[in-house]
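Hi everyone, thanks for coming. I'd like to walk you through one structure today, starting with how its chains meet.

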Amino acid sequence: MDLDKSMIGIASEPYVAQIDPERVMKFAQAIGDDNPLYSDETYAADTAYQGITVPPTFLISLGSSAKFPLELDFRRMLHGEQEFIYHHPVRMGDTLDCTMKVTDVYDREGKSGTMQFLVLDTEMKKEDGTLAAVARNTIIYRPAPKEVRQL
Amino acid sequence: MKAITTIPFSEMKVDMELPPLEKSPVTKEQLVLYAEASGDLNPLHTDDDFAKSIGMDGVIAHGMLIMGFLGQYVQELAGTESIVSKFNMRFGAMTKPGDAITCRGKVNTLFEIEGKPAAELELIAEKAPGKQVGTGTAVLICTNAND
């Protein structure tokens, strides 16, 4: 299946992500990021965040449970670009309501033919409905290999 | 507490090179830990035999682990004064176990967002001088200036 503009607007079922301090620490440790902003209440209180928050890329770990009504061929997918737009700091114990949505589909000519790009935005809202962050994933969808086309 | 890579917001100037963050070499153990912590269980990052079966020399690092290094760098640069309001990365060359990533940054522009001083930074992750594995940008907003 190739991508087309009609996919823009297709959204996942909403899902809920819980911010668990233990998972946050495991994530920071795997990166080797020992910033006290993620664990030291006293330090964090005096920062621009006014309290403990999560590492900038932590939100990526919340997306794996999205149920998405699009059948994509994982062998053709490459993670081209990732962006995070942060509106309000995510806190330990937050429950975030998340929805992943196709926000753009476009083509570029590449060395191995036309490459398709798929932009997926995951909106993450706090319990009171305020938008905490948007995680924007740009996927490069490579041309189907010949043996796949013959199937 | 160990010194983190930071700089007072008021000292940032356009085109200024920021102090780099040098990470330890990536290890296979780290890729397993990152796979578990991030939920990205693609065996390309943790299973050498699988990686070889699809034509690689062995496992490669998750692109998002490298973005995690740049995230550490950006959050350290933000220090206590700034918040990170936007952060992106374009993925380029592969990172393999043994590669040591250096995060570099430069001040692109200084501007204001809703009356607060802001800086757009240009970011580079490289595995050797001039060998980029990814590039990105981040926007810091200074909401808690140290006077």
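Okay, so 35 residues of chain B are in contact with 27 residues of chain A, and by contact I mean that the C-beta atoms, placed from the backbone, lie within 7 Å. On the chain B side, the elements giving two or more residues are helix H1 (28-38), helix H3 (63-78) and strand S2 (82-91). Helices here are DSSP runs of H or I with at least four residues, strands are runs of E with at least two, and both are numbered from the N terminus. H3(B) gives the most, with 11 residues.

What kinds of residues make up that side of chain B? There are 15 nonpolar, 15 polar and five charged ones.

A quick word on the model itself: it's predicted, so to speak of local features we need pLDDT of at least 70, side-chain atom pairs count only at pLDDT 80 or more, and totals for chains, interfaces and linings use all residues. Residues are numbered from 1 along each chain as its sequence is written, while chains are lettered from A and ligands numbered from 1 in the order in which they are written.

Back to the two chains. Strand S2 (residues 77-86) of chain A runs antiparallel to S2(B), and five bridges join them. Take Ile85(A): its bridge partner in S2(B) is Lys86(B).

Now chain A by itself. It has three helices and five strands, and along the sequence they follow the pattern β-α-α-β-β-β-β-α. Its C-alpha atoms fill a box of roughly 60 × 35 × 25 Å, taken along the principal axes.

Note on methods. Two residues are in contact if their C-beta atoms, placed from the backbone, lie within 7 Å. Ala, Val, Leu, Ile, Met, Phe, Trp, Tyr, Cys and Pro count as nonpolar, Asp, Glu, Lys and Arg as charged, and the others, Gly among them, as polar. Two strands pair if DSSP finds at least two bridges between them.
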